[in-house]
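Keep the viewer open and click along.

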Amino acid sequence: MKNNIDCTIEIQRIFILSSFVTFFYGLFFIYLCRVIYRSLKKYKTTTKRKILLELLQQKSSFKVQFKRFYLRALFRERLQMLLSAQTFVGQVLAILVFVLSIGSLIIYFINSTDPVGSCSSYEDVTIPVDLTFNAFFSFYFGLRFLAADDKMKFWLEMNSIVDIFTIPPTFISYYLKSNWLGLRFLRALRLLELPQILQSLQAIKTSASVKFSKLLSIILSTCFTAAGFIHLVENSGDPWLRGSNSRNISFFDSIYLVVATMSTVGFGDVVPQTTLGRSFIIFFTLGSLILFSKYIPEMVELFANKRKYVNSYEVVKGKKFIMVCGNITVDSVSAFLSNFLRFKSTHYSTEIVFMGENPPSLELETLFKSYMAYTTFISGSVLKWEDLKRVAVEYAEACLIIANPLCSDSHAEDISNILRVLSIKNYCPNTRVIIQILQSHNKVYLPKIPSWNWKLDNIICFAELKLGFIAQGCQVPGLCTFLTSLFVELNKKVIPKHLWKKQFINGLKNKILTQRLSDDFEGMTFPEVSMICFTKLNLMLIAIEHKSALYSGLILNPPAQVRLHKNTIGFFIAESAKEVKRALFYCSTCHSDVNNPEVIAKCGCKTKGHRQNITGQEAFGNIHNENEHHHWRFDTSGMFHWCKATAFDKVILKRSDKKSEFRNHVVACVFGDAHSTLMGLRNFVMPLRASNYTLKELKDIVFIGSLDYLQREWRFLRNFPQIYILPGSALYSGDLHAANVQECSMCAVLSPPYKHSLSQMPVDTETIMATLNIGALRISCCAPAPSMIPVLESNLTGDQKNLKERRIPILTELRNPSNIHLIEQLSGMKGSLRGTNLHLSTSFSTGAVFSGSFLDSLLATAFYNYRVLELLQMLVTGGISAQLEQHLDKERHCEISDSFTAAFSVRARCKLGLLSLKSTILSNVKPRDHFGQLFCGSLSHFGILCLGLYRMIDGEDCSSSERRFVITRPSKDFKLLPSDLVFCAIPFNTSYDKKDASSQQLYEPINLARMKKTSDLHHHSTTTFLNRDSESNYLATQKQTMLSPKDTRSYSGESVKEHTEKIM
């Protein structure tokens, strides 16, 4: 039962003054003690020697004082440890103080229902309870005071101020036998310790929940404290008016007023009347604007996102979905969706579930809402099994992991993604994984995962593909653009004004597509099927997926000895998936007389006359004796030219060296230092050292760059032949001349490793400046560029042979494609394609620039058609496929092969090249007025598959590769020009010189079955290095064993002409 008594103003002042007196007196006492201590310390310092002598004379006194100081320090240390949250007792004390503070605050709420002008007597049950709580607070305050190192800092802490202004009035109430509300509302500030208490109890574990609890504690403590002050001053009135303007207002009305003020609503039904109350509201309004506008939206966002993105994904029967994780940002997600949803017309039921470790930003959330019909976002980590269970990854079609190519640490990014793969495979071993890897040497960790499946899972290595594209562009001018155009998707319609622009843009419409071939092609040779597809179906068949006892995998332009089996998968260059369906519907009975390929559709013919599959041993590749005087060296896979490890100091070039020794070589400009991330130059060298190139075709490679950086890369390059290092920089013309850049076949400017910057524009600064420097060089000569001598010499007119200067062929890599406008004017041509789209630029059309930004689209390509990714890897990397890669061991791969026959069998594969219509074997194809005639004639007689053209730009000089542009897959009626160069898939060791066309056997088979047997018989007797005589004798023996008279063909101009006319 409550018994309230009147509380005069004097009694109220006593309660208030007890707190202020305690605070200021304690503050003054601590300050005085500190001054005295510093004075004594200074005094002791001046008399230090005297006191030390006295203490040494009185050893017993010295021991007593030392022991006293030691015990005092030990006591303080133990007390600090006891009060800290690291011990169980400290945690219990902190939790107990928080709970009792809440209890004291509840007692304040109960007592606030009484008038402020009255005091509660001790007959009220809550008063003794509150006194007991404050007695414990006093004890805890004393322990904290003794443990504090800095007493002044402790006295001014918020928790200390709360205790100082709430504990003394309680003891005054015990003396007066009555209690007053006073400043007891300050106990609400203890709510700020709520997050720490919840973490001690392990009630909250995530960062979002911790942040939410902090925001909630700030809002609640501010509201209760402000409402307590308003409740006190409004009920007490202004002190100088002795409470004449006071009024009765409940604590709930005070809360209402504070919340209305914080939210800037201010209804006006409850307003302060005292001067103190109004003054407080003025300053509180300013602070609440910041408080409410900042913390309330964050709380709502955290609460909404927590409930919105922590739900489990509901699997719908019959609806397919994929999971995407890794680098989930606005740029990566928008790029992925634009590429993935290109296939939505045929795969409309596939949903995309994104899993991110953090809630999406407002931009990312807006992006998800715009694609809400296809996307779902779930917050979680792939490394946690409970999150994988929520996303139902075991039912997903695949799990795609996006890498961040702009990260500052590529190795750390790869390792984190590999750990994601490991977590997914441990949870569900059968889940298909498609992962993006930045550095090629990190690929070795993935096959070591026990459940990794080469037939199911895919790796997209940025460094391997990017540098492989550039290497192909160095080996064959324009080839980099030709291959890139097959994977670039144009998102906007372009209407060119010039003919050459129209021809180039039409070529960009073609893509690499796959389709199962018609059963009517069973038993036919690849040249026969390819010519039928090109002439009748308007499709260009370039490769097949072949399965036999000798070899299973992809074959580019197989020889005539390879017969197609049933259900063979073909690889086409075509514009749409609808077009390649013709290869499946083709029927030799129903469509033999059809001239319009668009009318070819599925027929109702049930009895088809299939060709019988020719039995016997298949043959791959072709050979030709070479007059090479070098030693043959290959790695154990037989895929690359190999040599013993070369010391780094032996390949370093000096300016005093004779630069004339280098000709028709490749110059690679590298930017990096001793601390830069390795870009993996091995991926650039490997395609240039592919074993399907003869030793005569290998080009010297000269790297220009920092010696410290190239020394770090050298341990991956030391086993490749004909590689040299020139210390310097491509930004200095003297270093370029030292590398004899004027005689190089191609100068590649490689983008430096990424460094974090606030803007993307400076990313390619060094690359652009080096390109400007090289592009400004002019070589005074009348001869063509070294790389073009075999194919261009006969194309030069009299006026063109008298040219005074030419440009150095450059291939520049841009990390940021939007920087293309900075080097576009280097093309030296007017009327360039406008805009910032790199793939529509003149530099790209001529093969002078490359950007790996399109590699992001391969993630969607690999999901829908993994075979296209395998073909790309085989074309770009020098022949490595997934089937070969799973058998390569890193240690064995770095050794030299001890079997010539085994290496030669793998070596016999097609290579990409650029041939002239005049000075090469293609001149024997007659007629060749149109591309269809050239396609059929070269394929049927020489086994050379023509893929595209490298044509001179109208009115430009043909003596420089910069003046030509790429035409991808011309139509069969496309008219040829005498100066055209042709992109071809050339059989291994086929001699394409015009002088050898009529006198040599150029298209001869090698029986791999017999070669394998011979290799097994002579394995121990065959040495690693074979000279020219041993090689020639061996090949001659193989030809006598394997070739029959019916394989011999004549390649005179007449026979080519007759067969071409028959086909056309």
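Predicted model: local features only at pLDDT ≥ 70, side-chain atom pairs only at ≥ 80, totals over all residues.

Residues are numbered from 1 along each chain as its sequence is written, and side-chain values use heavy atoms, with hydrogens and water left out.

Now zoom out. The protein has 36 helices and 27 strands, taken as DSSP runs (H or I, at least four residues, for helices; E, at least two, for strands) and numbered from the N terminus. Of its 1064 residues, 54% are buried; buried means under 20% relative accessible area, exposed over 50%, and partly exposed in between, with a 1.4 Å probe and protein chains only. The protein exposes about 49800 Å², and carbon and sulfur atoms supply 57% of that. Those areas come from the Shrake-Rupley method with a 1.4 Å probe; for residues, only the protein chains shown count as cover. As for contacts (heavy atoms within 4.5 Å), take those with a separation of 6 or more: 77% of them are between residues 24 or more positions apart.

Back at α4, the buried residues include Gly90, Leu93, Val97, Phe98, Leu100 and Ser101. Further along the list come Leu105, Ile107, Tyr108 and Asn111, among others. An α-helix has 3.6 residues a turn, so residues three or four places apart point the same way.

Next, the strands. In a regular strand the side chains alternate between the two faces of the sheet. Strand β13 (residues 569-574) has six of its six residues buried: Ile569, Phe571 and Ile573 are on one side, with Gly570, Phe572 and Ala574 on the other. One is β10 (residues 511-516), joined to β13 by six bridges, with Lys511 standing opposite Ala574. Another is β11 (residues 540-547), which runs antiparallel to β13 over five bridges; there Ile544 has Gly570 as its bridge partner.

Strand β25 (residues 964-968) is mostly covered too, with five of its five residues buried. Arg964, Val966 and Thr968 take one face, while Phe965 and Ile967 take the other. It pairs with β24 (residues 945-952) in the antiparallel sense through five bridges, and Gly948 is opposite Thr968.

What about cysteines? The count of disulfides, meaning pairs of cysteine sulfur atoms within 2.5 Å, comes to zero. Cys587 is in no disulfide, and the nearest cysteine sulfur, that of Cys590, is 3.8 Å away. Cys587 counts as buried because its relative accessibility is 0%.

Finally, the charged pairs. There are 18 salt bridges, each a side-chain nitrogen of Lys or Arg within 4 Å of a carboxyl oxygen of Asp or Glu. In one, Arg187 meets Asp163, with the closest N and O atoms 3.2 Å apart. Arg187 lies in the loop between β3 (178-179) and α8 (194-200) and Asp163 in helix α7 (residues 158-176), so the pair ties together parts 24 residues apart in sequence. Asp163 also forms a salt bridge with Arg190 (3.3 Å, N to O), a link across 27 residues. Asp163 is buried at 2% relative accessible area, and Arg190 is buried at 3%. Both belong to a network of salt bridges linking Arg144, Glu157, Asp163, Arg187, Arg190 and Glu193.

Elsewhere, Glu357 forms a salt bridge with Arg420, at 3.5 Å between the closest N and O atoms. Glu357 is in the loop between β5 (351-356) and α13 (362-370) and Arg420 in helix α15 (residues 410-427), 63 residues apart. Glu357 is partly exposed at 48%, whereas Arg420 counts as buried at 12%. Glu357 is also touched by Ser381, which sits in the loop between β6 (375-379) and α14 (385-390).

Definitions and conventions. Pairing = 2+ DSSP bridges.
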